[in-house]
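Work through the exercises below with the sequence and the 3D structure in view. Each task is followed by its solution.

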Amino acid sequence: MSELTAEQHHMLEQYDQLLDTISEGLEYLENNITAEAPPQTQQVFQDVLLGLEQVSRSHDQMAVLFEEREEIQPLIIDFHEVVQMLQGWFSLERNEEKRGLLVEKVVPAYEAWRTRMQGFVKPYISH
């Protein structure tokens, strides 16, 4: 396991926390996307998208940082597949359809990926 700088360690801690925050946002959307969804659901969706964008940017750094670890590239590819699933949101008109997309596809795929990615990151940030 390579030694991390304080900055790299901090970035991985922030990354790990962001994965949990995105999970919480997706859970909120799952529970609140209804025909009469509260107005803040759109803001939470925007926040989830921003979080996913930050995760994606972090992957560029992680690909370099962990280039000797062959499992990083499949994890990054799997993340992009989750994002592609979520893009289906924009072609759906009814909230029930959007909720179905989250419940049946996006959330299970994201949670499975998050578990694997956090398993990869945790040894680097645990004290």
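**Exercise 1.** State how many aromatic pairs the structure holds, and describe the pair of F45 and W89.

*Solution.* The structure holds 7 aromatic pairs. Rings of Phe, Tyr and Trp (its six-membered ring) pair if their centres lie within 6.5 Å; planes under 30 degrees apart are stacked, over 60 edge-to-face, and the rest tilted. F45 and W89 are stacked, at 4.1 Å centre to centre with 10° between the planes. F45 belongs to helix α2 and W89 to the loop between α3 (72-86) and α4, 44 residues apart. Helices here are DSSP runs (H or I, at least four residues), numbered from the N terminus.

The model is predicted: local features need pLDDT of at least 70, side-chain atom pairs pLDDT 80 or more, while totals for chains, interfaces and linings use all residues. Residues are numbered from 1 along each chain as its sequence is written, and side-chain values use heavy atoms, without hydrogens and water.

**Exercise 2.** Decide whether F45 and W89 are buried or exposed.

*Solution.* Buried means under 20% relative accessible area, exposed over 50%, and partly exposed in between (1.4 Å probe, protein chains only). F45 has 1%, so F45 is buried. W89 has 5%, so W89 is buried.

**Exercise 3.** Classify the pair of F79 and W113.

*Solution.* F79 lies in helix α3 and W113 in helix α4, 34 residues apart. F79 is buried at 1% relative accessibility, and W113 is buried at 0%.

Definitions and conventions
Helices (H or I, at least four residues) and strands (E, at least two) are DSSP runs, numbered from the N terminus.
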